[in-house]
Amino acid sequence: MAEGRKKLPEKDALKARLYANHTETNTVLTTLIVNGKTYQLKVEPNKTLADILRWELHLTGTKVACDRGECGACTVLMEGMPILSCMTLAIACDGKRIETIEGLAGPSGEMHLIQRIFVDNDGLQCGFCTPGVLMTVKALLDNNPSPSEAEVRKALSGNICRCSAYPNIIKSTLLAAEAIKAGGQNG
Amino acid sequence: MAREFKVVGKPIPRIDGPVKVTGSCEYITDIEVEGMLHAELLISTVAHANIKSIDTTKAKALPGIRAVITHKEVPDYRFIGLSEGWLGTLSETAHPEMRILDDKVRYYGDLVAAVAADNLEIANEALKLIEVEYEELPFGLDADESMKPDAPYKIFPWGNIAYFVELNKGNADKGFKEADYILENRYSGRRVNQCSMEPHAVIAWWPEPDKVTYYASSQMIHVDNLYLADVLGLPRQNVRGICKFFSMGTGNKCSPFWGYWRHIPIAAILAKKAGKPVRLEFTREEELAFGCRWPIIVDLKAGFKNDGTITALDGTFTADAGAYSTSVAPMGLNQPYVAYHFPNTREKQIVVYTNQARGWFFRGYAPVRLMWAFETLIDEIANKLGMDPLDYRLKVQLASDENGVPYPHRNRDTLIQGADAIGWKGKWHKPGSGYGVKRRGLGVAMSSHWAQGGGRQLPDQALVRIQNTGNVVLITGTADLGQGSATVLAQICAEELGIPMERVSHEYGDTAYTPFCTGSWGSKTTVVLGGAVANAARDAKRQLLEAAARALDTAVEELDIDWEKSLVYIKAAHEKSVSIAKVVDVVVGPSVWLFGTMGDIIGVGYPSEKRAVAGDISATFAEIEVDTETGEVKLLNMINAFNAGKAINPLLLESQLAGGTLMGAGMALMEEMVYDPSTGKLLNANMLNYKIPTTLDFGTQVGMWNENPDPAGVFGAKGVGEWPGVTPPPAIGNAVYNAIGVRIRDLPITPDKILKALGRV
């Protein structure tokens with residue numbers, strides 16, 4: 001048995017998809033599971049997840065502000081963890097569970113507790129960074145239900161807010177943590 | 001004015017909060033217009049050059065390219081320099097400077113051409129195929145160099161100076177002779193960028209051959225229309241602009257007036273040529289490279305006595321306009337943002353060109369640059385005399401204007417409270433008197449302030465419709481850039497009518513349906529448009545009551561409105577009432593030919609006559625810690641103590657204070673645009689290297705205010721958008737001095753400057 005270079009299954013699967021037989025050239029069949037809904041898409045390899053979410057799926061809640069992974073506005077969750085969708089190729093998300101801001105509210109459109117608390121405590125101003133912030137907060141509170149203020153600041157340090165709404169963003173996050181622990185419902 | 005408010009003064013969450021936190025509203029960059037093309041800009045890669053030739057043949061031939069334009073394909077319209085019309089008096093000296101696309105480039109990043117294509121990849125490929133032959137010219141990045149008569153470069157035919165004036169008051173020479181001390185220093189700061197999270201963006205198309213419609217991320221879309229009509233040679237009513245949800249322009253999304261919004265006419269011209277809608281969005285690099293706040297270059301010489309009286313002041317205020325002076329308003333000692341009296345002054349105000357990004361408005365405009373200089377100077381004077389800088393400020397702070405008319409609204413209590421909140425008396429120490437690696441310091445800076453344009457100086461208007469159902473629609477041309485104007489204006493309308501907030505819906509954003517508004521800038525909306533809203537509501541209510549009085553055969557004073565039941569009734573006899581629907585019939589006329597009651601009462605409002613009173617003062621207190629080994633400055637606590645008028649919405653007011661404080665902190669400690677001296681290229685045109693504050697960059701931050709109602713502002717309000725950002729930089733600078741005993745007069749105060757000041761490098 002050959003030791004040495006192991007074959008990476010993901011890379012192989014990707015390669016297979018790249019060379020698969022399609023009617024259009026230059027696209028890769030990709031399955032994206034976004035907010036619980038499964039999409040089968042033919043995606044150009046150079047398109048980012050942000051491109052596909054915004055222009056293919058018309059989920060424009062996710063924003064692109066810098067397109068270089070420097071500001072956090074494009075943050076979505078992949079398998080529950082925050083990623084920068086402007087720096088993630090869509091084809092690399094094949095079969096992955098993606099959550100965007102549009103999925104935060106309940107099925108009947110009722111706001112998530114996090115969203116309600118942000119509105120009530122003015123954790124936003126122009127709102128452009130807000131979807132990225134809220135997805136980061138969701139991931140934080142899902143993984144760490146009782147964050148300290150320092151932990152909140154650290155988690156949000158990759159989300160730039162030019163309006164500088166940070167004090168209320170931090171406050172809203174801490175209030176949301178308390179509310180969720182106190183047994184608040186999703187919506 | 002002890003009036004009990006029902007809606008005004010309440011911390012009502014912003015009405016657009018839900019659509020923003022759910023991602024369900026479309027910002028300009030989210031909008032897709034069917035069939036839209038994607039545009040890209042070709043920018044100059046030289047700092048100063050004539051375009052000898054430009055050949056777009058190959059670019060045009062690329063499949064998927066639908067339109068290409070250069071200076072040959074745009075109108076010869078030129079934007080006037082300075083802020084033409086700003087302060088009125090400048091128009092004689094202002095020159096036509098900027099074309100949409102020109103045959104000359106004046107900074108690295110200036111516009112050369114534009115293409116529209118089926119997608120961005122094709123557009124970017126086409127840019128590479130445009131052949132430009134530059135005749136490079138000598139260039140300069142230094143304002144002092146530009147000013148010299150023998151400067152080796154000449155940016156405009158009339159030279160490098162856009163404006164120059166010398167002003168004198170009293171006798172400065174005599175004043176200097178009387179002084180016990182003289183201090184002379186330059187106060188400076190780099191170019192900084194507004195860096196809105198959503199870049200500038202526009203989608204334009206022609207629904208009819210002579211009508212253009214566009215979406216644009218803009219603070220003043222109604223004014224954009226005027227200028228687009230001018231540039232394109234269309235009647236004003238043929239231009240329709242739409243901007244409802246957009247990400248803060250903090251001045252940089254203000255208008256063409258000031259000649260820096262060329263992407264809108266470019267998109268419109270491309271759309272005309274291509275016969276399809278055209279979308280143009282600045283890349284982040286372009287967003288950072290195209291504009292800035294003018295750098296701070298203020299030379300001050302002050303003479304003062306042992307008791308702190310300032311006997312003379314000599315100032316040179318240089319505005320390095322960059323490549324174009326559009327939007328610069330020269331400012332100096334004749335601007336009353338300074339809270340003190342200078343009896344004998346001599347000053348020069350100069351606006352000069354350099355081959356760098358030109359200025360856009362940026363929150364706080366010139367006062368931010370001015371107050372960095374003045375509040376540092378005042379601090380230097382206090383420290384020179386061995387006085388506590390807060391005591392010194394309160395001692396010399398203006399209680400009356402120069403004609404001796406007292407400022408009735410100067411409220412010192414807020415400043416004292418701010419000082420208490422930061423623990424000034426207990427913590428302030430002699431500068432540099434700490435020990436250890438980490439040194440703490442306290443600083444304060446004060447500024448006078450007021451909002452733009454009250455007193456019918458800006459023609460904002462409002463409409464209020466009382467529908468036959470008794471619901472109310474407020475219609476304004478406001479731009480809610482995140483300050484919350486959509487909410488505050490609805491509150492004013494609701495309060496004026498005596499109805500709960502939920503009954504008012506606020507329509508804004510589309511110039512086809514909204515009355516004229518000069519936009520959101522200059523901290524003016526609550527005072528100016530708010531006044532018009534109140535007037536419109538009053539007008540609608542008056543019509544309602546007068547018609548009800550006719551219907552009930554009584555006098556207006558006898559009536560009251562029950563909005564809940566949608567009727568108007570006689571106070572003394574509740575059962576005598578008439579439905580609002582019926583009243584609408586009385587006003588508008590019944591619908592004889594159609595069954596049912598229809599129509600609205602329409603109230604019209606123009607701005608209030610009274611100008612909000614000038615001259616209140618506010619202050620920022622900063623407590624910082626300097627690490628003398630690394631040079632880093634840590635913000636421990638910032639208190640922004642603001643003399644507000646009536647706080648229409650305390651929740652949103654608090655957000656304005658926080659935003660201004662931290663924006664100011666960014667300018668003080670980390671923001672600067674860095675240019676390559678050999679090419680004039682902006683080197684840090686990205687958000688990694690152009691540093692703006694994050695959650696890790698501040699400690700506690702408190703915005704506090706007293707309500708000092710202004711009798712002329714609607715419900716006593718004063719504008720607050722900008723002033724919280726004016727005093728943080730000098731407060732931080734003064735705190736640094738307090739901590740280490742060495743003065744830094746150049747922003748941003750970065751670790752290298754601290755270490756140099758301490759003699760460590």
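**Entry 1: Asp388(B) and Lys425(B).** I looked up Asp388(B) and found it buried, with a relative accessible area of 12%; buried means under 20% relative accessible area, exposed over 50%, and partly exposed in between (1.4 Å probe, protein chains only). Lys425(B), at 58% relative accessibility, counts as exposed. The two residues form a salt bridge, with the closest N and O atoms 3.5 Å apart. I took a salt bridge to be a side-chain nitrogen of Lys or Arg within 4 Å of a carboxyl oxygen of Asp or Glu. This pair links distant parts of chain B, 37 residues apart: Asp388(B) sits in the loop between α9 (365-384) and α10 (389-396), and Lys425(B) in helix α12 (residues 424-427). Helices (H or I, at least four residues) and strands (E, at least two) are DSSP runs, numbered from the N terminus.

**Basis.** I note that the model is predicted: local features need pLDDT of at least 70, side-chain atom pairs count only at pLDDT 80 or more, and totals for chains, interfaces and linings use all residues. Residues are numbered from 1 along each chain as its sequence is written, chains are lettered from A and ligands numbered from 1 in the order in which they are written, and side-chain values use heavy atoms, without hydrogens and water.

**Entry 2: Glu625(B) and Arg440(B).** I found a salt bridge of 3.0 Å, N to O, between these side chains. Glu625(B) lies in strand β28 (residues 616-627) and Arg440(B) in strand β20 (residues 438-449) of chain B, so the pair ties together parts 185 residues apart in sequence. Glu625(B) is buried at 11%, whereas Arg440(B) is partly exposed at 46%.

**Entry 3: Other salt bridges.** I recorded 49 salt bridges over all chains.
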